[in-house]
Amino acid sequence: MPEQTDDTLPNLVTIVGSGVPSNYEITVNGDIELVGADPLEEATVVTDHAAEGAVETGVMRFRFSGEMANVHVVDWNGVATPESPSTPTVHVDYGVSDRNGSN
């Protein structure tokens with residue numbers, strides 16, 4: 001997928017690792033793109049409308065258009081939020097600009 005601008009991908013979802021290996025899957029009804037990382041190095045699969053991968057520590061960010069359709073996170077045992085305190089934290093922000101202040 002070609003790199004898009006904040007105008008076409010105005011929304012941001014951030015996944016913050018909890019220090020425990022966890023898996024995530026994000027689905028949107030628009031387009032989605034990984035921000036600031038190489039999908040191959042991060043073992044992240046990104047298609048037109050979905051992203052999935054694993055996170056232990058650190059932060060994964062994705063820009064997207066449209067609305068969030070689904071977020072599914074599970075810990076290393078396959079236990080989902082909110083039953084597991086070990087799953088990553090997920091933040092969804094609509095209409096945010098990049099760090100340079102452009103929109």
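Helices (H or I, at least four residues) and strands (E, at least two) are taken as DSSP runs and numbered from the N terminus. The model is predicted, so that local features require pLDDT of at least 70 and side-chain atom pairs count only at pLDDT 80 or more, while totals for chains, interfaces and linings use all residues. Residues are numbered from 1 along each chain as its sequence is written, and side-chain values use heavy atoms, with hydrogens and water left out.

An open sheet is formed by four strands in the order β3-β6-β1-β8, with antiparallel pairing; two strands pair if DSSP finds at least two bridges between them. Strands β1 (residues 11-16) and β6 (residues 59-64) run antiparallel and are joined by six bridges. N11 stands opposite F64 in β6.

T87 is located in the loop between β7 (68-75) and β8 (89-93). T87 counts as buried because its relative accessibility is 8%, buried meaning under 20% relative accessible area (1.4 Å probe, protein chains only). The side chains of T87 and T81 are joined by a polar contact of 2.6 Å. Such a contact is a pair of N or O atoms within 3.5 Å; within protein, one must be able to donate a hydrogen and the other to accept it, and residues adjacent in sequence count only if both atoms are side-chain atoms. A polar atom of the T87 side chain also lies 3.3 Å from the backbone oxygen of S84. With neighbours within four places in sequence left aside, T87 is in contact (heavy atoms within 4.5 Å) with S18, S22, V73, V74, D75, V79, A80 and T81.

How values were computed
Buried means under 20% relative accessible area, exposed over 50%, partly exposed in between (1.4 Å probe, protein chains only).
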